[in-house]
Amino acid sequence: VEQGAPGPVLPAQRLGNIIPARPGVAYNRRAGEWMVNYAINGASIHSVIYKPDGTRRGQDVVVAAPADGCGVPFLAYSHATNSHLLAYHSWATTDAYAQELDPDGAPIGERASVNAAPPVLGTFYTPVAASTDAAEYLVVMVKNWNWLAGTIFESEMDLRCPPPPPWSRSESNRYPCLYGGS
């Protein structure tokens, strides 16, 4: 919605028979684009990026296809790092994972467990939020259907800018992308 008027309608795509699972959606305010992640049959999670005009930027990308399956993606965007964090639970084990994605949806580094040790009954629902000023994400998960836990992940890769010069002292010089730099 732009100034109260509806924007373009995103085109729907029939994917075939899929297990119903909510998609993960996050807005990249730097690029003005939406990333959507969706699971297919508990076997893989795909990513697609929509431009401000509602058209796709590129093709769908497989961002997770682990041997233990995956489902129910949650997604957050960090302006501080210009990256996304995808969190999802395993389909065949009691664990859940987080995977950092670059602005194009490509995985950065390896997936990481959100648990110190997987719970007996499982890890379900892994909503994720990004810090507004640090290269961190918080993943909160429901364990064994009866308690909450959280894990803070630091960004694998700082996609903001080149490293600041060692003589830089002010916050605006140390973190130019957070303060209007490129």
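User: Which residue forms a salt bridge with arginine 57, the closest N and O atoms being 2.8 Å apart?

Analyst: Quick heads-up: this is a predicted model, where local features need pLDDT of at least 70, side-chain atom pairs count only at pLDDT 80 or more, and totals for chains, interfaces and linings use all residues. Residues are numbered from 1 along each chain as its sequence is written, and side-chain values use heavy atoms, leaving out hydrogens and water. A salt bridge here is a side-chain nitrogen of Lys or Arg within 4 Å of a carboxyl oxygen of Asp or Glu. With its closest N and O atoms 2.8 Å apart, the partner of arginine 57 is glutamate 33.

User: Is glutamate 33 buried or exposed?

Analyst: Buried means under 20% relative accessible area, exposed over 50%, and partly exposed in between (1.4 Å probe, protein chains only). Glutamate 33 has 11% relative accessibility, so it counts as buried.

User: Which residues do salt bridges that share partners join into one network?

Analyst: Let's start from arginine 57, whose side chain also meets aspartate 104 in a salt bridge (2.7 Å, N to O). Arginine 57 is in the loop between β3 and β4 and aspartate 104 in the loop between β7 (96-101) and β8, so this pair ties together parts 47 residues apart in sequence. Strands (E, at least two residues) are DSSP runs, numbered from the N terminus. Bridges with shared partners make one network of Glu33, Arg57 and Asp104.

Technical notes: Helices (H or I, at least four residues) and strands (E, at least two) are DSSP runs, numbered from the N terminus.
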